[in-house]
Amino acid sequence: MEKNSKPDNDNAKLQDLEKNREYSKDQFITTDQGVKINNDHNTLKAGERGPSLLEDFIMREKITHFDHERIPERIVHARGSGAHGYFEAFGNVGDYTKANFLNDTTTKTPVFVRFSTVAGFRGSTDLARDVRGFAIKFYTQEGIFDMVGNNMPVFFIQDAMKFPDLIHAVKPEPHNEIPQAASAHDTFWDFISLMPESMHMIMWAMSDRAIPRSLRMMEGFGIHTFRFINKEGKSTFVKFHLKPKLGIHGVVWDEALKISGNDPDFHRRDLHDAIEMGNFPEWEFGVQLVPEEDEHKFDFDLLDPTKIIPEEQVPVTKIGRLVLNRNPDNFFAETEQVAFHPGHVVPGIDFTNDPLLQGRLFSYTDTQLSRLGSPNFHEIPINRTISPMHNNQRDGHMRQEINVGKTHYSPNSLNNGYPEQAKENEGGFVSHYERVEAHKVRERSESFADHFSQAALFFKSQTEPEQNHIIKALRFELSKVETVAIRERMVGLLNEVDKKLAQKVAEGLGIEEPSKPEKPMNHGIGADADPDKHEPKPLKNYEPSPALSMIKNPATTDSIETRQVAFICADGVSEKSFNALKKALEAKGAMAKVVAPHAGMIKGDADTQIKVDFASFSSSSVLFDAVYVLKSKNNAMLEENDNIIEFINDAYRHCKVIGFDEGLDGLIEKTTIGNKREAGKDKSMPGIIINNGTAKAFTDDFTTQMGKHRIWERESKISE
Ligand code: HDD
């Protein structure tokens, strides 16, 4: 769809936003008051070289508006990218929920989705090692439902009271505001090392899930247990899941670091470009359903947000499809001003007593009041519901609506009692009829005290390369911690989860032996600060869960759709080679991008002009999924180019598939591949494919190997 074009589909929210879109094509520039401006480049002055005049309302208006353009960024999840799309229900959950948008298969529900990192500021890198926010606004006919989730199914803490502490600890340290968008520093690990309940989430946050290849290749989770409520008022516990069509993929850490330098907007660009190209990101929306009677059948508490329900135990039922098919027209108006809230629910969905969720129900409206500045933030176009909206709330900063009539109270007789309250059978929201009888206490339930069993389950469910990545991530992070006692405390905690893991991390940190399994919260500082009275429970020995591994995950496919391959070419490049792989990639939905020693155009060996997408000096293999080096009449041009040699070396190190045309030995010798080959260390060279002229064999091998995403067996041969 052409940018700025009017919505050409039946998305009711996009139609609604049309009222607020401004198109300047063929228009004069005016002041905010609509007066046409004759000269917008110069202030009004007393003489060409004289002082500016206060009278200049045009200049004053322009500068004043500019001075006030910024609003406070989100206290967390400040860095984000959003897109419009729709949700389509499969219509198979009617027995469990009366929510119309989950049952009506004839209506596409408009959505706006915002992905985010958590810790970094608005301008920080997309590739930070961090949790990713996955927030979906469903504009349903019955009001707005927000699923404000993450790409990991558990959280660091069990009670919202600790959220400010967690965030203070992870954000840049207060004395020097360092580091940006990174958890690798003392305060974060100090807090974590005193917080055994965070260990399950730490396993996820140190895994490759924290460095996604693309926002389009992440799972999404609602995390808390919510309730579905059906027409009879019966409640069923529910956990929300989103499974990406393209599978779940990450990058490697060294690559993430380099992407941050090469293209800090990597994820934002990828999402934007994919949608512009018509490669619409897609997820299946699923639920795990637990009958209310089974609440206590698990050996963990369903209300504990540091626990998953293993998918092998309660399978995910797919109930719909989420597709993103339109970029925002204006980042600020839409992506920045969108305001999510886990408390935005519609009839058929309700809360549980998860103490983290309960605290969130307060926080999200509260934060919008300072971020967006007014209780009227629901009137901002992107936040406006498409269902009818009438109540007795009035006034406040920037009120848009013109409420007609003289009653703004209830009950009233002057307006015949309107707006009137809706009965349940008229669609009125009625909270679940839950019986609560208890003492007021500031305590954590004893049923929340198993902090390590699911952390161990996660670690043992990973494949060997995935486990190694967790070990390396912990080594990296903790090596940046300056206070040795914090490192030791962390190793002690890891030892509670998995001895091998703790041992390996300890080796990397030069710690002789994981300290004995002391209770970290009783370890000096912070000892009395934690009122959690319950002893952590002993480790349970669960069977591994393949659904927790990215590599073994049933949602991971070998599709190479939308993947990008760098074609390294020089003038005189073999057009036969070029066209053969390009065609094979395109047939599978992947793309060839030309990287050459110079920008502009190169000439093929049959004199075709080929557009260069990236010059080697302003690009890097970390921005691509695989590399193909093509022979040309002038191979020396590649051999002598250090950028190209580094390009190939990085692709090798990051375990990517690399194809070479035959006859490029001179170049190969100059790369790590040549060194390894010569030293005889790496004879089999997994994922290094030589094109000896049999086009089909080469292209088949190349695309099949790319489908594995990474050639992990190579990783063990790379020393760090
Ligand atoms: Fe939160 C934003 C997700 C716990 C308080 N949160 C925010 C966003 C996401 C999440 C995705 C960004 C929404 C957007 O794109 O605008 N938060 C979570 C998840 C949590 C969680 C999955 C645990 C399961 N959050 C949490 C707690 C509190 C908050 C416990 C406070 C008690 N979160 C906020 C906030 C933010 C926010 C301060 C900042 C900006 C905003 O709300 O709109 O209110």
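Pro179 sits in the loop between helix H4 (163-170) and H5, where helices (H or I, at least four residues) are DSSP runs numbered from the N terminus. A cis peptide bond, with omega about -5°, joins Ile178 to Pro179. This is a predicted model, in which local features need pLDDT of at least 70 and side-chain atom pairs count only at pLDDT 80 or more, while totals for chains, interfaces and linings use all residues. Residues are numbered from 1 along each chain as its sequence is written, and side-chain values use heavy atoms, with hydrogens and water left out.

**Backbone features in the loops**

The loop between H4 and H5 also holds Ala181, which has a positive phi of about 50° although it is not a glycine. Ala181 has 10% relative accessibility and therefore counts as buried (buried means under 20% relative accessible area, exposed over 50% and partly exposed in between, with a 1.4 Å probe and protein chains only).

In the loop between helix H10 (355-371) and H11 lies Pro419, joined to Tyr418 by a cis peptide bond with omega about -5°. Asn416 is found in the loop between H10 and H11 too, and its phi is positive, about 55°, although Asn416 is not a glycine. With 64% relative accessibility, Asn416 counts as exposed.

Helix H13 (residues 484-497) reaches 20 Å from its first C-alpha to its last, close to the 20 Å expected for its 14 residues at 1.5 Å a residue; the expected span is 1.5 Å times one less than the number of residues. Of these 14 residues, 10 are buried, so that H13 is mostly covered; among them are Ile486, Arg487, Met490, Leu493 and Val497. The cover over the buried residues of H13 includes helix H5 (186-193), helix H6 (199-205), helix H11 (453-460), H12 and H14.

| Helix pair | Axes come within | Crossing angle |
|---|---|---|
| H12 (residues 464-479) and H14 (residues 499-509) | 9 Å | roughly 40° |
| H15 and H20 (residues 695-706) | 10 Å | roughly 45° |

H12 and H14 are therefore oblique to each other (angles under 35 degrees count as roughly parallel, over 145 as roughly antiparallel, 65 to 115 as roughly perpendicular and the rest as oblique). Their contact (heavy atoms within 4.5 Å) involves residues including Ile470, Ile471 and Leu474 of H12 and Leu501, Lys504 and Val505 of H14. By class, the contact of H12 with H14 has 7 nonpolar, 3 polar and 4 charged residues, where Ala, Val, Leu, Ile, Met, Phe, Trp, Tyr, Cys and Pro count as nonpolar, Asp, Glu, Lys and Arg as charged, and the others, Gly among them, as polar.

Glu575, Ser577, Phe578, Leu581, Ala584 and Leu585 are buried in H15, and just after H15, Gly589 takes a positive phi of about 80°.

H15 and H20 are oblique to each other. Their contact is made by Ala580, Leu581, Ala584 and Leu585 of H15 together with Ala695, Phe698, Thr699, Phe702, Thr703 and Met706 of H20; by class, this contact of H15 with H20 has 8 nonpolar, 2 polar and no charged residues.

Definitions and conventions
Axes are lines fitted to C-alpha atoms, for helices over the stretch in contact, and angles run from 0 to 180 degrees between N-to-C directions. Helices (H or I, at least four residues) and strands (E, at least two) are DSSP runs, numbered from the N terminus.
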